[in-house]
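Open the model in your viewer and keep the selection panel at hand. We will go from the whole chain down to single residues.

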Amino acid sequence: MRAALPHTEGFLDRDGVKLHYEIYGKGKHTILFVPTWSFIHSRGYKAQIPYFADHFRCITWDPRGNGKSDRPTDPDQYGKGHYVADALAMMDATDTKSAILVGFSLSGPICTILASYHPDRVEAVIVIGTNTDLVPGHDHRKPGDFENAVENPTGWQKMNRGHWKDNFPDFAEFFAGQIHKEPHSTKQLEDAISWSGQTNGEIMTAEWDGTFEGNYPLEAEHYQRISCPMLVVHGRHDAQRPVIQSETVAK
């Protein structure tokens, strides 16, 4: 049973890709919960929505590739240019002039781009475990490893194009375990594995290969021109992104 139910839900059609959204609460200010990559859908925010919906109007949507949204297999339908456009179109479709943005992991940079390039639409930004190209990531997450076929992969070798297509459920179980490493996080682990079952290796590979970046470079100067309040949160034992990336963004 869900702790909170939306009072409004629907679909946004942006250039032929349908995105399913839900709206909770009726507060004066809106929180836009920006989806991370298509490994999971909007229920990834289920722990936050019940509380914040008592105080804010809250909007979530399933990313292209998971949940009730469309699942394109064409890489041209993925990339940060699409994700930024999806967020802006979602605000327009829900009559949201401006919002507080919340993002985690891969949606952290999307929130940052919106704050830097569309400041009139953003009241504040909260990013959790975000990433940036300004400093290197973990060695075990180097992009080149994704391309190299590995027979009987173990550990982070499963972050691999071939393994995604051959045995995506095995990757999903491993990756979910890397997200939820804390003791007693079994329900979160089960949820993440379940939500990943609404996508597959072909879709995830298309997203990885996403070609549409848009005109949104994100260098130091673009972070520095953000004028709204910004909260950056990062776990020091994050296996996905090193904490120095959030520290760099915060500076």
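What percentage of the 251 residues of the protein chain count as buried? The share is 49%. Buried means under 20% relative accessible area, exposed means over 50%, and partly exposed lies in between (1.4 Å probe, protein chains only).

A word on the model. It is predicted: local features need pLDDT of at least 70, side-chain atom pairs count only at pLDDT 80 or more, and totals for chains, interfaces and linings use all residues. Residues are numbered from 1 along each chain as its sequence is written, and side-chain values use heavy atoms, with hydrogens and water left out.

**Whole chain**

Show the cartoon. The protein chain has eight helices and seven strands. These are DSSP runs numbered from the N terminus: helices are H or I with at least four residues, strands are E with at least two. The radius of gyration is 17 Å, close to the 18 Å of the globule rule for 251 residues, so the chain is as compact as a globular protein of that length. The radius is taken over C-alpha atoms, and the rule is 2.2 Å times the number of residues to the power 0.38. Along its principal axes, the C-alpha trace spans about 55 × 45 × 40 Å.

**Helix α3**

Select residues 107-117, which form α3. Ten of its eleven residues are buried. Among them are Ile 110, Cys 111, Ile 113 and Leu 114. The buried residues of α3 pack against helices α2 (80-93) and α7 (220-224), and against strands β5 (99-104), β6 (122-128) and β7 (230-233).

**Cysteines**

A disulfide here is a pair of cysteine sulfur atoms within 2.5 Å. Next, select Cys 228. Cys 228 is in no disulfide; its nearest cysteine sulfur, in Cys 111, is 9.9 Å away. By this rule the count is zero disulfides. Cys 58 is buried at 0% relative accessible area. Cys 228 is also buried, at 15%.

**Tyr 216**

Move to the loop between α6 (201-208) and α7, where Tyr 216 sits. Is Tyr 216 buried or exposed? At 16% relative accessibility, Tyr 216 counts as buried. Which residues does Tyr 216 contact, leaving aside neighbours within four places in sequence? They are Lys 80, Val 84, Ile 113, Tyr 117 and His 118. Contact means heavy atoms within 4.5 Å.
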